[in-house]
Amino acid sequence: MGNGTATADLDVALEKHRTELTGYCYRMLGSSFEAEDAVQDTLVRAWRNHEKFEGRSSLRSWLYRIATNVCLDMLSAGNKRARPMDLSEATPLAQAALNPRPDHTWLEPMPDARVLPAVTDPAEAAVAKESVRLAFMAALQQLPPKQRAVLILREVLAWRASEVAELLETSVASVNSALQRARATLAERSDAGSEGAVSDPLDEEQRKLLERYVKAFEGYDMTALTALLHEDAIMTMPPFDLWLRGTADITGFMTTIGASCAGSRLVPVQANGLPGFAHYKPDPDNGGFTPWAVQVLEISAGRITGFHCFLDTQRWFPLFGLPLRLEAEAEQAQQGD
């Protein structure tokens with residue numbers, strides 16, 4: 001009975017760290033599913049080796065040590081996840097072609113609830129959200145793995161240099177040097193903080209902008225949509241490497257190659273510390289609506305500067321807890337509410 005109680009207590013103690021560990025591993029790996037696998041591996045290793053844990057550090061610090069080692073092992077292959085605009089120049093609409101790349105190429109979206117623990121300090125919550133936004137995540141992927149770990153632990157999680165040095169089994173001087181190099185690399189990327197204009201929570205102007213966006217997108221009103229987009233707005237569609245810049249190419253794509261999305265429905269989601277939507281497009285064969293994409297929006301100065309459409313719905317919709325079908329009747333009832 002005693003052993004059973006101890007096991008249950010250990011399970012609870014480990015499980016309460018799952019969300020923050022998932023956030024850490026996600027920042028390290030750039031992949032939603034690899035992050036969850038890394039955390040599961042971390043918790044299993046901790047459970048199996050708990051008798052060896054001597055309590056010289058906190059359980060939390062010990063778990064981060066294990067998680068860091070798991071992530072560094074996973075990153076040893078050298079793969080850097082990216083966004084389409086990190087890999088190529090924008091494609092003019094006249095040359096647009098949908099060429100997919102393997103899943104491991106892409107930076108993946110993540111629901112806020114899986115990586116952002118509940119905190120009472122608004123400033124701490126804001127930092128956590130900013131640190132999972134797409135541009136910052138893409139910048140992190142350019143850092144060598146150990147620099148990435150140092151930056152996340154020091155800048156995002158606010159660990160002391162001595163704590164990071166102990167975790168990485170290195171010196172404080174080495175940690176400070178790695179942090180300096182990581183900061184310099186991020187400073188060279190002009191877009192690393194480009195979504196910083198998104199308020200937390202959204203302010204009234206941003207809420208109205210999103211309402212207008214939903215109305216324009218669902219109505220497939222390209223004039224209204226153009227008025228909401230920054231003139232240099234970016235549209236991406238992983239797993240395709242195509243990306244478009246500018247209102248003319250974006251709306252031109254939507255009315256040609258993307259014309260089947262007319263009449264779509266958008267359901268709000270929270271992803272990567274940014275506003276987003278589950279995009280369901282009409283199902284002409286069966287009626288209702290079928291999943292098409294998880295959209296993650298970037299906003300700045302009262303305009304949408306980017307919308308990123310993650311198209312692998314069989315992976316993303318279950319991850320976000322979204323149904324794989326939206327019935328017309330249910331959608332009408334939802335509108336009526």
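**Exercise 1: Overall fold**

The protein holds 16 helices and six strands, taken as DSSP runs numbered from the N terminus (helices: H or I, at least four residues; strands: E, at least two). The model is predicted: local features need pLDDT of at least 70, side-chain atom pairs count only at pLDDT 80 or more, and totals for chains, interfaces and linings use all residues. Residues are numbered from 1 along each chain as its sequence is written, and side-chain values use heavy atoms, with hydrogens and water left out.

Solution. 
1. The C-alpha trace spans about 65 × 50 × 40 Å along its principal axes.
2. Of the 337 residues, 50% are buried, meaning under 20% relative accessible area (1.4 Å probe, protein chains only).

**Exercise 2: A strand pair**

Task: Describe the setting of strand β3 and its pairing with β4.

Solution. 
1. Strand β3 covers residues 265-271, and five of its seven residues are buried, so β3 is largely enclosed by the rest of the structure.
2. Strand β4 (residues 274-282) pairs with β3 in the antiparallel sense over seven bridges; pairing requires that DSSP find at least two bridges between two strands.
3. Leu266 has His279 of β4 as its bridge partner.
4. Two residues lie between the strands of this hairpin, in which Asn272 adopts a positive phi near 55°.
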